[in-house]
Amino acid sequence: MADYLYKSVVYKNVDNVASPPTDWATQKTEYETNHQADTIKIDEIQVAATTFEINKDFDDFHDMIVSPYDWGDIRELETTNRYELYLVTSEPIT
Amino acid sequence: MADIDNATSDVTLYDELGNIVGVTLNTDTSLYELNVRDDRLSDSLYELNASPHFYQEREEYYTFAYVGTLGSKNETPIFYYQNPTGSGVDLEFYDFDLGTPANITFIFRLYFTPTITVNGTLQTPHNTSNGSTNASSINLYTLPTATAYGTLVETAVITIGTLRVPLEFGYALPPNTTALVTLEASSANNDYYITSKWAEDSD
């Protein structure tokens with residue numbers, strides 16, 4: 001049975017980022033202020049061969065986090081210049 | 001005959017038969033040019049600081065390494081090379097080393113003569129001879145803004161891992177010419193690594 005991995009990114013800084021989202025600073029404030037405390041922090045993620053990986057911009061990803069999902073289901077992987085956010089589901093989110 | 005291992009202030013050049021070799025100076029440039037094939041004799045002349053002045057052709061090698069993130073999957077300008085008028089050198093591309101830890105595809109492109117509206121961030125290339133005080137004569141900018149990419153002259157594709165793009169000095173930028181490197185990713189928000197190496201030939 002396949003899983004679905006929804007992925008998004010919130011930039012912390014854009015010093016070496018080409019074509020960052022124009023509203024990256026707003027997204028950063030929104031995530032750090034309202035959601036970051038709820039997310040599960042991880043150091044690594046491995047994607048299985050049976051997983052569909054779907055990239056979303058942060059605004060669309062934000063809108064997906066409604067019942068039955070909440071920000072406590074989100075995994076956060078922090079890198080040098082961004083937070084990578086992951087949501088794993090057994091069914092696609094439409 | 002002069003003993004080239006025991007330098008004196010007077011040096012006469014002889015051929016293998018003992019005949020004095022005439023020397024012609026190239027005065028086309030601001031420096032006198034004397035070409036000598038024998039390496040031992042060349043070294044001896046250099047140590048003598050002989051007159052007329054001897055100098056070797058200057059060819060310096062430079063490198064610039066950059067780590068960045070593509071926030072978009074669209075083709076994006078990364079490096080902008082500008083060889084200014086009067087630099088006195090030709091930039092000759094040696095290679096590019098590309099890398100990504102992401103399980104995606106990057107397309108590398110090299111263009112000549114792009115139309116640039118914003119140069120980007122001026123960077124400092126490094127001489128590949130550690131400790132050399134010779135600085136690059138060209139301007140290298142990162143993340144420029146281009147309205148037209150120019151003439152496509154080279155492409156390469158990289159998936160996860162590393163890839164060397166060997167150019168072996170096959171592409172050159174004389175003074176008053178420009179070049180652009182772009183990257184295009186199969187998905188947004190992924191890191192890349194790129195190292196550019198080139199020669200600057202004063203011929």
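Colleague: Why is B:Glu92 called buried?

Modeller: Keep in mind that this is a predicted model. B:Glu92 has a relative accessible area of 16%, and buried means under 20%, so B:Glu92 is buried.

Colleague: And where does B:Glu92 sit in chain B?

Modeller: B:Glu92 is in strand S3, which covers residues 90-100 of chain B.

Colleague: Which residues does B:Glu92 touch, not counting those up to four places away in sequence?

Modeller: B:Glu92 touches B:Glu59, B:Phe169, B:Tyr171, B:Ala172, B:Trp198, B:Ala199 and B:Asp201.

Colleague: What makes B:Leu143 partly exposed?

Modeller: Its relative accessibility comes to 21%. Buried needs under 20% and exposed needs over 50%, so B:Leu143 falls in between and counts as partly exposed.

Colleague: Where is B:Leu143, and what is it in contact with?

Modeller: You'll find B:Leu143 in the loop between strand S8 (139-142) and strand S9 (145-148) of chain B. Leaving aside neighbours within four places in sequence, B:Leu143 is in contact with residues including A:Asp15, A:Asn16, A:Val17 and A:Ala18 from chain A, and B:Tyr66, B:Pro77 and B:Tyr192 from chain B.

Colleague: How many helices and strands does chain B have, and how much of the chain counts as buried?

Modeller: Chain B has one helix and 14 strands. Of its 203 residues, 39% count as buried.

Colleague: What share of the chain B contacts with a separation of 6 or more comes from residues 24 or more positions apart?

Modeller: Those residues account for 84% of such contacts.

Note on methods:
Residues numbered from 1 in each chain as written. Chains lettered and ligands numbered in written order. Predicted model: local features only at pLDDT ≥ 70, side-chain atom pairs only at ≥ 80, totals over all residues. Heavy atoms only, no water. Helix = DSSP H or I, 4+ residues; strand = E, 2+ residues; numbered from the N terminus. Buried < 20%, exposed > 50% of the residue type's maximum accessible area, 1.4 Å probe, protein only. Contact = heavy atoms within 4.5 Å.
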